[in-house]
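The following note is intended for a colleague who is new to this entry. Please read the numbered points with the sequence and the model in view.

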Amino acid sequence: MKHARTLRTRGGLSVRLDTRATLVVLLLAAAALAASVALIGTGDYPMSSADVVRTLTGGGTPAQDFVVHDLRLPRVLVGLLAGTALGLAGAVFQSVSRNPLGSPDVIGLGQGSTAGALLVIVLFQGDPAAVAAGSVAGGVLSGAAIYALAWKKGVQGNRFVLVGIAMAAILTAVIGYLLTKANLTDAARATVWMVGSLAGRDWEQVGPLAVACALLVPLVLGHGRALRMLETGDDAAYALGVPVERTRLVTVAAAVLLTAAATAAAGPIAFVALAAPQLARRLTRAPGPNLVAAACTGAALLVTADWVSQQLFGADRLPVGALTGMLGGCYLLWLLYTERRAGRI
Amino acid sequence: MLVDSAPPPTAAPEAEPRRRAAPRAAGLLAAVGALLLVLVASVAVGAKQIPLNQVWHGLFHYTGSETDVVVRDVRVPRTLLGLLAGAALGLAGTVMQALTRNPLADPGLFGINAGAAAAVVSGIGFLGVSSLTGYVWLAFLGAAAVSVVVYALGGSRGATPVRLALAGTAVTAALNGYIFSVQLLDTAALDRMRFWTVGSLASANSTVVSQVAPFIVAGILLALALARPLNALALGDDQARALGTRLNTTRVLALAAVTLLCGAATAACGPVIFVGLMVPHVVRVFTGPDMRWILPYAAVLAPVLLLGSDIAGRVVVRPSELQVGIVTALLGGPLFIHLVRRRRMARL
């Protein structure tokens, strides 16, 4: 509290800023941008950071212009937007379920999107646009099903998560079935999709994702205060004038859509939604869902992971989802360990 | 132990009506009868229907005719594997629920099967392991590692079922990510593993059965022998110690049983989920909370469930098949949701 500062305008508007949180958000945004520049410069045609910045601002050679604008910028934008969407969605789910493990990939949304996409790949051999549509439909349907099944005079956090776990198990079985039905080519394509990758993204993927983010991110951020009050408990929040169930429905629906949009563009990238809000919380040391910080962490995390994967394993050998999966696994073990030491598990 | 069925702490122990042994023994006999029926059905039903007299002929008067070969080389090993794996998964789930006092414990849900799967997949992908014996040992290694993690998490006092289930799911998610990565870097491995990772009895043959049987039988005996100490454990650590139970010995032995059972079952038929969750809940309805009855019931009824699911999977999409792991997930998922939606769940 003592680090918070209130800015007032003469018109009577005021905003309360946590100094540390603001600083962290700015640094994270800077880190995300720096990683983006580095990522644009990486590949079969390496470019220095200065060249990248010059090309982005319109001063590059035609060759550089082509490489940056047509090949690499869409990939980086998908990474930034998907990271933002996943980080924000993870923060919402963790806040609503009041649980650090309640992230979309644990509670069945990732599996729902995957099942939808696989259905299109395996049964209809659809083109990428159809696969993306299938993934959005799968994610939204599974989110709606989880919400409806968890509903019992309101949605309670633990029930939501456990219903999600059951849904994840059921959908995993469906995914497994679809994989065995496929011929080997389709199975390989499906597996690549299921890991989540930024390779070969173009402007077709950027457009819908950007629209989804532009609509949904402000919506979620607008509910930030209500979410923070919800964390004090339903009764307390209700007494403070928060429309409990409506807030939950709106934010969860937005988070489901954000996850679905990100998954449609980049595949179900593992653990960004799980790790980003927790890292953000530890960096800002602020209470509440830390929505802005979580979104920035997600973006920085995903782009950095993609850059690291390219540096370590060579261009497009290992998709970024595999790297975040392994990093996320290590992070998860650490989280379980500390939770246990703190006596919370 | 199942918290739901425990009497409230204020009630005297006598409040629970004493159950007599005779009805429960009769129930066990009925369960054995059901198991026999399912065993016969599992040999008879499939892509090729075999009449019962032919089944009898194939089993006891083997002449080498086409149906005899199907019976002896395909259906019987498959049925035996279902029997063994079902008993193994059911007992493992029962022991885990008793050990962690968590009604949502399940080898599949807590990531033990995924641990075994990850170890096997590493073996296929990196070490070039292709024999079932290799799979079994790797599966033990993976199952043991994850059981220890689950136990480390479940042994502490504040462990609520919700947090444990979440932790298990998260571990599973991480391991699944790893499994996908390995499959991705090695397409040949993908081709072999995509069938194995679903959970199926279809690949059974007599070699598989004879290789995993000793481990599963040992695990079953160990689990059955633990009935009394697990009963004591249900009263809480302090009470159990006061009653003379050696807590650490019991826990180590129970974990060893779970590892043997899950590791062997997973090595033979891939990760099958929810059998270990469903069976103890069904069984408790008949037996009450006494582990001395729950364990034998679970050992008999779990194969009924697994083989029943397998038969259903063979029938519904004939002539193709639905793998048994898919059927159990489709059956067990709704039951899990039902358990979660029950009124008392919030208190667990």
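**Notes on the predicted model**

1. Phe274(B) is buried, since 30 other C-beta atoms lie within 10 Å; a residue is called buried if 20 or more other C-beta atoms lie within 10 Å of its own, exposed if 12 or fewer, and partly exposed in between, with C-beta atoms placed from the backbone. Phe274(B) is found in the loop between α11 (247-269) and α12 (275-287) of chain B. Its phi is near 80°, a positive value in a residue other than glycine. Helices (H or I, at least four residues) and strands (E, at least two) are DSSP runs, numbered from the N terminus.

2. The conventions are as follows. Residues are numbered from 1 along each chain as its sequence is written, while chains are lettered from A and ligands numbered from 1 in the order in which they are written. The model is predicted, so local features need pLDDT of at least 70 and side-chain atom pairs count only at pLDDT 80 or more, whereas totals for chains, interfaces and linings use all residues.

3. Confidence should be considered next. The model scores ipTM 0.72 and pTM 0.78. For chain B the mean pLDDT (the predictor's confidence in each residue, from 0 to 100) is 79, and 84% of its residues reach 70 or more. Within chain B, confidence is highest in helix α13 (residues 291-316), at a mean of 90, and lowest in helix α7 (residues 187-196), at 67. Over residues 1-16 of chain B, pLDDT stays under 50, and the model has 16 contacts beyond four places in sequence for them; a contact requires C-beta atoms, placed from the backbone, within 7 Å.

4. Chain B has 14 helices and zero strands. Of its 348 residues, 53% count as buried. Among the contacts in chain B between residues at least 6 apart in sequence, 78% join residues at least 24 apart.

5. Which residues touch the most other members of the largest nonpolar core? They are Ala88(B), Val95(B) and Leu261(B), in a core of 226 residues. Such a core is a set of buried Ala, Val, Leu, Ile, Met, Phe, Trp, Tyr and Cys residues joined through C-beta atoms within 7 Å. Helix α3 (residues 62-97) of chain A gives the most to this core, with 17 residues. Leaving aside residues up to four places away in sequence, Ala88(B) touches Ile216(B), Gly219(B), Ile220(B), Leu261(B), Ala264(B) and Ala265(B).

6. In chain A, helix α12 (residues 272-284) has 13 residues, which at 1.5 Å a residue should span 18 Å, and its end C-alpha atoms are 18 Å apart, in agreement; the expected span is 1.5 Å times one less than the number of residues. Of the 13 residues of α12(A), 12 are buried, including Val272(A), Pro277(A) and Arg281(A). Just after α12(A), Arg285(A) takes a positive phi of about 55°.

7. Strands β1 (residues 4-8) and β2 (residues 14-18) of chain A run antiparallel and are joined by five bridges; pairing requires that DSSP finds at least two bridges between two strands. Arg8(A) stands opposite Ser14(A) in β2(A). The hairpin has five residues between the strands, and Gly12(A) in it takes a positive phi near 100°.

8. Is Ala199(A) buried or partly exposed? Ala199(A) counts as partly exposed because it has 16 C-beta neighbours inside 10 Å. Ala199(A) is placed in the loop between α7 (184-195) and α8 (203-222) of chain A. Ala199(A) and Asp306(A) lie 107 residues apart in sequence and 9.2 Å apart in space, C-alpha to C-alpha.

Definitions and conventions. Two residues are in contact if their C-beta atoms, placed from the backbone, lie within 7 Å.
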